[in-house]
Amino acid sequence: MDHIEEAVACALSPTADPALKQQATQYCEQVKASPDGWQSCLTLYIREPKSTPETRMFCLQVVEEVLMTRTNTLDETRLNYFRQTFMDYIQREFVNNGLDNTLSSEPSYLKNKFAHAVALLFRQTYMKSWTTFFSDMLSLIAPLPQSTGKSNMKMVDLFLRILMSIDEEVVNTLISRASSKEENTLNINIKDRMREQDVPRLTNVWYELLTEYKDRSLDFAEMLLRIVGVYVAWIDISLIVNERFVTLIYSFLMTTSIRNAAADCLTDIIKKGMKPLDKLQLIGILGIVDVLQQLDISSDSEFREKIARLVNNLGLQLCQIWNDTNPQNNSNYPPTANPTAYTHISQLVPILLQFLRDEDNNVTEAVFGFLREILNIFKVIKKTTGSLPQEQKVLLRQILESIVMKMKYGEDMDWVCVAIAGGSESVGTIGEDSIGDDEMLDFLEMRRELKRFYDQIATLSASLTTTFLHSAVTSTLTTFVNEKVTGSAGSSDWRDLELALYLLYLYGEAIKGVPQFAVGAPTVGANGGKIVNPVPQPGAPLTPLGECLFEMCKSGVSAYPHPSVSANFFEIACRYANFFEIRPDCIPEVLEAFVDARGLHHPISANRTRAWYLFWRFSKDLKLKLTPYLQTVLNSIQDVLTVEASLPGALNPGFDLSTFKDQVFETKTYLFEAVGLLISQECIPAQQQFEYLTVVVSPFLSEIQKSLEACRSIQQSANGTIQDNMTIVAGTPRYRDLELVWTLHHRLMALGSIAKGFPDMLGNKKVAANAAATGSGPCSQIFKQVAEITLVALETLSRFEVIRSASRFTFGRLINCLGQDVQPYLPTLITGLLQECSVMELVEFLPFMGQVAHKFKATIMSILNGLFFPLVQKVFFFLNQVPNGTDEAMALVELRKSYLTFLMGLFSSELENVLITDLNGQHLGLILQSVLHYAQDLNDIPVSRMAFGILLKAVNSWGTQGESSGAAAAAAHANGKNGLSNGSSSSGGGGDGTEEKLEAPGFYQFMYEHILRITFEVPMKPNFDLQDGQSVLVLGEIAGLQKAIALKQGDTFLSYLSQVYLPSIHCPPELAQEYIQALQQLDGKQFKKYFQAFIQKSRS
């Protein structure tokens, strides 16, 4: 035992020698694992004089482990030894030493650990050798001779801890235990024995002890109430819910020092699982509502939260009873049960409303469950009766008022710029993950939950919600206007205005369908029928929503000096942008607010950046209506149309400019796009568009020109990455170089964003027609300058990924602006982008090339012909590399998908001939083999499906070729050789790719030798999962591919299948014949089903 004490002391000592400490730890583990180590530890634990608390704690851990995990080593003799030792120790420590009737000096953690060990022993012996466990323990609690009738406090302390441990180990169903079926059965049997034999006596003892300790020790009384709460879940409820016990608990509820524990105990009683009618009777007996009305809870927020949780659970139970006894669901209950439950609910609602309005958010949130179920009951009532009765409407109105009141910012809270809608609509705002105030985060989360309740109420009664919100919004705005008139503007509380505007933002959600802002006069259609939703004319009478919006615009509320008000003003203007189609006279007020210090010039960064995004949305929705104000808008925001690129003060080792994010600038690109949207309106004369665009773009072109001159001094070896052994600080030449490149990137992106606002010359028929009639137009001359200077920037700084990225982005937008005029710039652009691109750049570049192919189709053929194979070579270069780490592996997966998508796009754009021109035809075999490889790769099923889709496109394009397409190909096929690698175009198609009819060199042989083969081999692979949905889609592609070959090749293919291929894979003649017939006679959809059945049959 001395060794154990020394080892524990050494193992826990912070100053011990590490080697000795390791030896001590190993020794302790050996004691735990040894068959009789527990005996030494038990002896050491009860020894007098006592060892150190750390040593005794270790001893109990060893004992505990044996009683928990090694019970198979404990025979009856050893269990009796445990029992006797424990009882002797208890007698000595808690009874004989309890003569002074005070608490034991043992640390609480040791008492808890020992109580847990006793509970573990109880579990092993109660059903067999120690059936008198509770009698033995209760006898030790009995009053001592000199105590004048008081119980043994030390023993009561221990016994209560033992009861809690028994609950944890045997009773409590909420505690996760890794129990076997036998152990679960044992726990059930123990509870049954306790209910039958000991629980009645235990409940009497609890009552007596509660009566004694309510004056003697509140800590004991609270522990007793917790024990009643956990045990009531499975014992006879009448042992607790009786006059004496309930009266005592209610008296505790009136006692400040113990009322929290009493509230928790009542909550546990209410939550007890019972049949609906029994629970309804229990609630009637308890009469909790009458008791709650007598409580003074105003000064104690913690107690209010406890009572709120009690009310919530009581309400949940009543709502469940109402649902269970609803005649619509179950007719087996007395007809009085359902209305009785609703009566109890109605009595509880005033208390619910009180808690909903509570200043403490925790109290409010505590009753959300009850509120949710009440609204669900209203939903059922409405569905049953067709509409809500007046009684429910009154309650609904009260609930709505309480919810709205709670949506208001608290007196001690500061507003932060977060998007009202949240989620994807939070562009330009402060992300909630960057808000450090927990109280603010809790409020925002609570507001979202309240908004969900609001949505439920709006669904239940849109008219009630509309009436209430209209009144709330207009009254607040009217008060604000009156204060302006009387010269007291600004005296309104910003919280009231913020709430009114927040409600106005939510207003539209109370209306089903598209929000209506004005009353449209019924009109008659061409066929004489009435138009259900006529479009209101300007000046038409406004709906309540329209009235609120009109009042908001004309009230001048956006000028209120608090950032929340203007922020919500812009959110509302964007959400209900269609309102301004009906009342364009309100547009000037909104635009004025947007362009001054309330919006785009706001001094607070979050408000300013959010306004940039919202101005883009407003412009996008109302671009035609804003044209009269364009000159004024451009003059007002010219100073904002600049670029301020900033980097961290110190660039640490590993810093990479290509991965650095400038969230402020990314949001500002929306503003640049909005300018492009407004300038490019068809109703603006071309020359005026040119003048507007010149004013906006010329400063950027000049600044870029200056930047390029300065960039020529940057070292050729420099790029956007900081080496691992250096830190770059502001002011140094290297830092200035990176800042210059970063600024250039931003300016190119700004120009691309402006171009993004212009219409698509090729996709927009009207714009394309105008361009064809009038030429490219003046604006195209400016965009050509943008294209030229972008190419100069790319040529000068192509080693910087951010410049390559910005160039690709800008040209992606210039394609729409310039149309065919962009083509001369593409070869230089593509060459520059490919020179030093990374894997992820190539992943993004391939869709760009797909966009080019889709836009220009045949007209791009000559350019694409020369660039195609260098691009494919770049792809193969990366795909042939071994990935270094997960990120590179994922990038290569994405590259495979982009590559196949690009090839698929060529076929979809009818540009597949680029693969078989004189210049590229010699490489067709390599490309087809790569597609074939990915088709057989079952580690990535979506990629396999894409590859089979490309093969299907190839068969549809080139599948009619036969052996007559070349004697060499026929001979190669007969000899079983691959004739693709050195194939050439037999049609003599020119390198410019203008020939429409080109033969795919060697494709006939490839189709028979490889495509046909994998259509059978792939689905027959063991790892091809016929139960997987994605694999079934691949199977459909394969079936379609075979059907396409059959249609293109006809009897030649069918004969080859029946006479050569199917016999070669040992397909039975009968099955082969059946397969040929199916391929001939079934349509595509039917053959897919047959093919799946054929594969399943073949694999079995």
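Visitor: Which helix has the lowest confidence, and which the highest?

Guide: This is a predicted model. Confidence is lowest in helix α42, residues 967-974, with a mean pLDDT of 38. It is highest in helix α27, residues 587-595, at 97.

Visitor: Over which residues does pLDDT stay under 50?

Guide: That is residues 964-996. The model has 55 contacts beyond four places in sequence for that stretch.

Visitor: And the chain as a whole? What is the mean pLDDT?

Guide: The mean is 88. Of the residues in the protein chain, 90% reach 70 or more.

Visitor: How many helices and strands?

Guide: There are 47 helices and 2 strands.

Visitor: What share of the residues is buried?

Guide: Buried residues account for 52% of the 1100 in the protein chain. The chain exposes about 48600 Å². Carbon and sulfur atoms supply 51% of that area.

Visitor: What about contacts between residues at least 24 apart?

Guide: Take the contacts between residues at least 6 apart in sequence. Of those, 76% join residues at least 24 apart.

Visitor: Switching to cysteines. How many disulfides does a search of the whole structure find?

Guide: The search finds 0 disulfides.

Visitor: Cys837 and Cys1067, then. Buried or exposed?

Guide: Cys837 has 8% relative accessibility, so it counts as buried. Cys1067 is at 13%, so it counts as buried too. The cut-off for buried is under 20%.

Visitor: Which residues line the largest cavity?

Guide: The lining is Cys417, Ser566, Ala567, Phe570, Arg598, Asn607, Arg610, Ala611 and Leu614.

Visitor: Which helix gives the most to that lining?

Guide: α28 does, with 4 residues. Helices α25 (563-575) and α28 (605-626) each supply at least two.

Visitor: On to single residues. Where is Tyr231?

Guide: Tyr231 sits in helix α11, residues 218-231. Its relative accessible area is 0%, so Tyr231 is buried.

Visitor: What is Tyr231 in contact with?

Guide: Leave aside neighbours within four places in sequence. Tyr231 then contacts Leu163, Ile166, Asp167, Met194 and Trp206. Lys272 is 41 residues away from Tyr231 along the chain, and their C-alpha atoms are separated by 9.8 Å.

Visitor: There's a lysine I care about, Lys111. Buried or exposed?

Guide: Lys111 counts as buried, because its relative accessibility is 5%. Lys111 belongs to helix α6, residues 108-125.

Visitor: What does Lys111 contact?

Guide: Past its neighbours within four places in sequence, Lys111 is in contact with Ser104, Glu106, Asp157, Leu158 and Arg161.

Visitor: And Gln835? Which residues does it touch?

Guide: Gln835 touches Ser798 and Lys874, not counting residues up to four places away in sequence. Gln835 and Ser798 are 37 residues apart along the chain, with 7.8 Å between their C-alpha atoms. Gln835 lies in helix α36, residues 826-835.

Visitor: Let's do backbone. Which peptide bond is cis?

Guide: The bond from Glu48 to Pro49 is cis, with omega near 0°. Pro49 is in the loop between α3 (37-46) and α4 (53-69).

Visitor: Is Glu910 buried or exposed?

Guide: Glu910 is exposed, because its relative accessible area is 67%. The cut-off for exposed is over 50%.

Notes:
Residues numbered from 1 in each chain as written. Predicted model: local features only at pLDDT ≥ 70, side-chain atom pairs only at ≥ 80, totals over all residues. Heavy atoms only, no water. Disulfide = S-S within 2.5 Å. Buried < 20%, exposed > 50% of the residue type's maximum accessible area, 1.4 Å probe, protein only. Contact = heavy atoms within 4.5 Å. Areas by Shrake-Rupley, 256 points an atom, 1.4 Å probe, with all protein chains shown as cover. pLDDT = per-residue confidence, 0-100. 1 Å grid on protein atoms, 1.4 Å probe; cavity = no way out; pocket = protein on both sides within 12 Å on 5 of 7 lines; lining within 4 Å.
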